[in-house]
Amino acid sequence: MDADSDPFEPILTERLRLRCLTPEDAAGLAATLTPEVVERLASWPPVVTSEIAAARIAENRRRMRDDGDLMSFGVERRSDGLIVGGVGARVKAETPDRAEIGYHLGSAHHGLGYGFEATAALVRAVWSLTQVSLIEACAQPDNHASFAIMRKLGMEPAGEVAVFSSGRDRWEVCRNYALRRSAT
């Protein structure tokens, strides 16, 4: 695969297109990453500029192409091409039988069902494109909307975990949920 080609084909749902972002998408991605959204995301800094988003997009494309440990998609509304959020999955070298998923939507797009629609498509892609036996996700204890998505996906509570938030330079307690391949 050359450096310019997309590492994954787009994934279509009824209303959304999950696709690999390009540097030209940086402003659209940054617009979804407002302070109230990034306070729920461990790896993003409190303020996300287009430059920060462009650097993350470039790094994610490199990792998808070269390392193979990441799937990262922008969530685009099919009706008008607007980027409404992002989803991704990561398989760590130390736990190759597990994938950790993450997702976010811009605040203006909360409550419309996009989170579940995009995340369900991501879960199907993880099962299809990897050999992992477990998909995990975690969220801060008061992130009820995220837990609702996890439960709707069929995920079950799997305890609490300490997560290092590089964006806030601190450890945070999160609730972990898990879905086994045999459960789907």
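User: What makes β3 and β4 a pair, and in which sense do they run?

Analyst: In this predicted model, β3 and β4 are joined by seven bridges in the antiparallel sense. Pairing needs at least two bridges. Seven bridges therefore qualify β3 and β4 as paired. Within this pair, Ser 72 stands opposite Gly 88 in β4. The two strands also form a hairpin, with five residues between them. In the turn, Gly 81 has a positive phi of about 75°.

User: Why is Ser 72 called buried?

Analyst: Its relative accessibility is 17%. The cut-off for buried is under 20%. Ser 72 therefore counts as buried.

User: How do you know that the side chains of Ser 72 and Asn 60 make a polar contact?

Analyst: Their side chains come to 3.2 Å. A polar contact needs a pair of N or O atoms within 3.5 Å. The 3.2 Å value therefore meets that limit. Ser 72 lies in strand β3. Leaving out residues up to four places away in sequence, Ser 72 touches Arg 19, Cys 20, Asn 60, Met 64, Val 87 and Gly 88.

User: Why is β3 said to be largely enclosed by the rest of the structure?

Analyst: Eight of the eight residues of β3 are buried, so the strand is largely enclosed. Both faces are covered. One side carries Leu 70, Ser 72, Gly 74 and Glu 76. Met 71, Phe 73, Val 75 and Arg 77 are on the other. In a regular strand the side chains alternate between the two faces of the sheet.

User: How do you know that the buried residues of α5 line one face of the helix?

Analyst: The buried residues are Ser 146, Phe 147, Ile 149 and Met 150. Seen down the axis of α5, they fall within an arc of 155°, so they line one face. On the other side, His 144, Ala 145 and Lys 152 are exposed. The buried residues of α5 pack against β5, α4, β6 and β8. Just after α5, Gly 154 takes a positive phi of about 95°.

User: Which element supplies the largest share of the largest nonpolar core?

Analyst: That core has 37 residues, and Leu 18, Phe 73 and Ile 101 have the most contacts inside it. Helix α4 supplies the largest share, nine residues. Leaving aside neighbours within four places in sequence, Ile 101 is in contact with residues including Thr 119, Leu 122, Val 123 and Leu 153. A second, separate core has 13 residues, among them Leu 21, Leu 29, Leu 33 and Trp 44.

Note on methods
Residues are numbered from 1 along each chain as its sequence is written. This is a predicted model: local features need pLDDT of at least 70, side-chain atom pairs count only at pLDDT 80 or more; totals for chains, interfaces and linings use all residues. Side-chain values use heavy atoms; hydrogens and water are left out. Helices (H or I, at least four residues) and strands (E, at least two) are DSSP runs, numbered from the N terminus. Buried means under 20% relative accessible area, exposed over 50%, partly exposed in between (1.4 Å probe, protein chains only). A polar contact is a pair of N or O atoms within 3.5 Å; within protein, one must be able to donate a hydrogen and the other to accept it, and residues adjacent in sequence count only if both atoms are side-chain atoms. Contact means heavy atoms within 4.5 Å. The arc is that of the directions from the helix axis to the C-beta atoms. A nonpolar core is a set of buried Ala, Val, Leu, Ile, Met, Phe, Trp, Tyr and Cys residues joined through side-chain atoms within 4.5 Å.
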